[in-house]
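Colleague: Could you take me through this model, starting with the overall picture and ending at one residue?

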Amino acid sequence: MILAAAQLQSRSCAIDANITRHLELVELAARADARLVSFAELSITGYEPRHAQALAFDLDDHRLSVLGACSATHDIAIAVGLPVIAHLRPRIAQLFFMPDGSRHCYFKQLLHADELPWFSRGEASMALSLDGHVIVPAICYESVQTECAEAARQLGADVYLASVAKSAQGIEHGAACYPELARRIGGFVLLCNTIGLQDDTLHAGCSSAWDTTGHQLGCLPADAEGLLLLNTATQKVATHLLSDASQSDCNASTGSSLAADSAG
């Protein structure tokens, strides 16, 4: 199975424009035979905690219907990040659109201290079955916590899906943690980060994949939009950058063809 991490520069508070960009990257992932494409934390709105209350979605919001239609049209699962209306403060959610029309929503359980004034916690982990794989999502801060990886292991995860909004410092910390978490669950870790300035923070890309031994299979640049494509059968990664203008210190992945390693 091919899983895609979509690295996108979300425009702060520009929901319609961000959804359009999501659809473009979903279509690219579908052409690479990906079965799931995941975006970063709060990808639909940009990571803007101070505006989350005003931006929060009802899960039946009509603006999201195009993502469900795109999932069905291209036979691909789509995971996006957005704030969702809750009782007191919104929750940080990862919403999965499935090709059969169903939706599944995971709410971030462990919030960073800086998020506590703006968001409320989720209450349970979630496992999603797709093509024989068990995918467990975790969102940013909680994704590097041992207790979340252990919960994923107990749910039988063989893919740990980390959707984040991390600066260079956060990426450096994560790069030290995710190999051990991959070994703990005995599965793949797929990291999806954003780029650009949001909430006065420069986000550092470097979306990556690690195999079951904790070996990093590939990494996108720190400052370019694109896809990282993980083939779980071959344990290889391919990348597709939307612009070749930017370079970074991250290691290049093992391929550059959009359709590379599409079997399995």
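Modeller: Buried residues make up 56% of the 264 residues in the protein, where buried means under 20% relative accessible area, exposed over 50% and partly exposed in between, with a 1.4 Å probe and protein chains only. This is a predicted model, in which local features need pLDDT of at least 70 and side-chain atom pairs count only at pLDDT 80 or more, while totals for chains, interfaces and linings use all residues. Residues are numbered from 1 along each chain as its sequence is written, and side-chain values use heavy atoms, with hydrogens and water left out.

Colleague: Is His133 buried or exposed?

Modeller: His133 lies in strand β7, which covers residues 133-139, a strand being a DSSP run of E with at least two residues, numbered from the N terminus. The relative accessibility of His133 is 14%, and therefore this residue counts as buried.

Colleague: Which side chain does His133 join through a polar contact?

Modeller: Leaving aside residues up to four places away in sequence, His133 touches Met1, Leu128, Asp158, Val159 and Thr232, where contact means heavy atoms within 4.5 Å. A polar contact is a pair of N or O atoms within 3.5 Å, and within protein one must be able to donate a hydrogen and the other to accept it, while residues adjacent in sequence count only if both atoms are side-chain atoms. At 3.0 Å, such a contact joins the side chain of His133 to that of Asp158.

Technical notes: Helix = DSSP H or I, 4+ residues; strand = E, 2+ residues; numbered from the N terminus.
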